[in-house]
Amino acid sequence: MTAAAKPWMTEHRKPRVVIIGGGFGGLYAARALKRDDVEVTVLDRTNHHVFQPLLYQVATATLTPADIAAPIRWLLRKQRHTTVLMTEVTDIDVERRTVTTSSAGALPYDFVIVASGARHAYFGHPEWEAVAPGLKSIDDAVEIRQRILAAFERAEACTDPAERAALLTFVVVGAGPTGVELAGMIATIAHHGMVEEFRRSDPSRARVLLLEGGSRVLATYPAALGARARRDLIALGVEVRTGALVTSVTADAVQVGAETIPTRTVIWAAGNAASPLGRMLGAPLDRSGRVQVAPDLSVPGHEELFVIGDLAATATDGRPVPAVAPAAMQMGRHAAHNIRRTLEQRDRLPFRYRNKGDLATIGRYRAIADFGRFTVSGVLAWWLWLLLHIMYLAGFRNRLSVLLEWAYSYFTYGRGSRLITGRGHERAASSTPALEPKW
Ligand SMILES: Cc1cc2nc3c(=O)[nH]c(=O)nc-3n(C[C@H](O)[C@H](O)[C@H](O)COP(=O)(O)OP(=O)(O)OC[C@H]3O[C@@H](n4cnc5c(N)ncnc54)[C@H](O)[C@@H]3O)c2cc1C
């Protein structure tokens, strides 16, 4: 960095680091700067950090939102030099070095780390979002939970057999890890968790369909693990269809080729699009809108601008770094280290992703794990999955409460968090689904 590009030196103040996003990347970047002589500001549109890998458990009423999320300001409370602002970032001016926010004005920065993640992609059909919500945030998870629970309630109140069958048909689109986890868990609660509670309808007869346009379940995992996941899902009562390209989604049905599947609950787990903030940086983007970063994670031509996590496109040993939580955490730490090295006038280091393994779970006691040199499936993989997820949950209280909730619900198929509140309450009582989009 040239002397002219170091205004904090002439202005006799600490360098300002602005971090956009308090997800995995942003939180780990902020934490990695805790001992540095800088001023850190973390901006997020929500007040909480979410452990996204467990969102599906909130969506399927096993855990509560507070089990898997924690206020960002609480997580960073011990860092006296760190300010947390709940605000939406609306613009980044890379020439003036300011970040514009919806409620905190324009914030100047010396370094900025953009970690605003990704959203769902509907492949040119944004209108599907209102009827087929995706799962990225706590709000999404609560909305999906409301829809699933409301469908069971409406089926119990319904007298028309065809309508009841549609209400008890749940369609998950996309057989990546999120789709597999959701479908496995919906089948588990429907076929085991609630059977004794309904009198007029029979939740155990609910159909759960997992539709995948590609040829495999869990396509990013080795073929044998994908095949194992498929068998496990079928054993749980999920109808798994590959090569099933969805051509239309409405409030009443999903269309796959010539087949119409009547359903009132569709969940979208089929695609991701990078955060729109990436487009404001004037940097090259890949096909899904991710910013193509330099090896040190900065944007070429802008040493003060870092992009990390799901929004960054980079590779290690020629292989693209996947959009997963460990990659975002590692990038967050790495960007922070490179800021430190710049301040200490040392050379920056290139980022290298260390893959410690990929895990996905498929209902109770079933999971698959790919550690590169070897793979594990079944009960052992499930215990590994459980251990790792507990370890990385933010906050001791969350770890303890999740362990207790899991112990209770896994051993008893307990009631979990099956509450319908707010708008979902109206939906359960209504004969027509509420269609107004919330996102
Ligand atoms: C349902 C689901 C399941 C997953 N399961 C796994 C798993 O099992 N294992 C795994 O490794 N990975 C999993 N992932 C992926 C993993 O969660 C992501 O790779 C990781 O969260 C990316 O971190 P990030 O910091 O880039 O973005 P995020 O964690 O998404 O954080 C982005 C943050 O930016 C904020 N933000 C966005 N735009 C703005 C704006 N304009 N203004 C202010 N704030 C903004 C958001 O509120 C959010 O807090 C899963 C993801 C999902 C959605």
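Because the model is predicted, local features are given where pLDDT is at least 70 and side-chain atom pairs count only at pLDDT 80 or more, while totals for chains, interfaces and linings use all residues. Residues are numbered from 1 along each chain as its sequence is written.

The protein holds 13 helices and 27 strands, both taken as DSSP runs numbered from the N terminus, with helices (H or I) of at least four residues and strands (E) of at least two. Along the principal axes, its C-alpha atoms fill a box of roughly 75 × 45 × 45 Å. Of the 439 residues, 48% are buried, a residue being buried if 20 or more other C-beta atoms, placed from the backbone, lie within 10 Å of its own.

The largest nonpolar core has 129 residues, and Ile19, Ile20, Ile113 and Ile308 have the most contacts inside it; such a core is a set of buried Ala, Val, Leu, Ile, Met, Phe, Trp, Tyr and Cys residues joined through C-beta atoms within 7 Å. Helix α6 (residues 138-157) gives the largest share of this core, nine residues. Since domain 1 (3-45 + 87-120 + 272-343) and domain 2 (126-270 + 364-429) both give residues to this core, it lies between them, the domain bounds coming from an automatic or database domain assignment.

Strand β12 (residues 207-211) has four of its five residues buried, so it is largely enclosed by the rest of the structure. Strand β11 (residues 169-173) runs parallel to β12 and is joined to it by five bridges, pairing requiring at least two DSSP bridges between strands; here Thr169 stands opposite Arg207. Strand β13 (residues 238-241) also runs parallel to β12, through four bridges, and Glu239 in β13 is the bridge partner of Leu209.

Strands β15 (residues 253-256) and β16 (residues 259-262) run antiparallel and are joined by four bridges, with Val256 opposite Glu259. Two residues lie between these strands, and Gly257 takes a positive phi near 60° in this hairpin.

How values were computed:
Buried ≥ 20, exposed ≤ 12 C-beta atoms within 10 Å, placed from the backbone.
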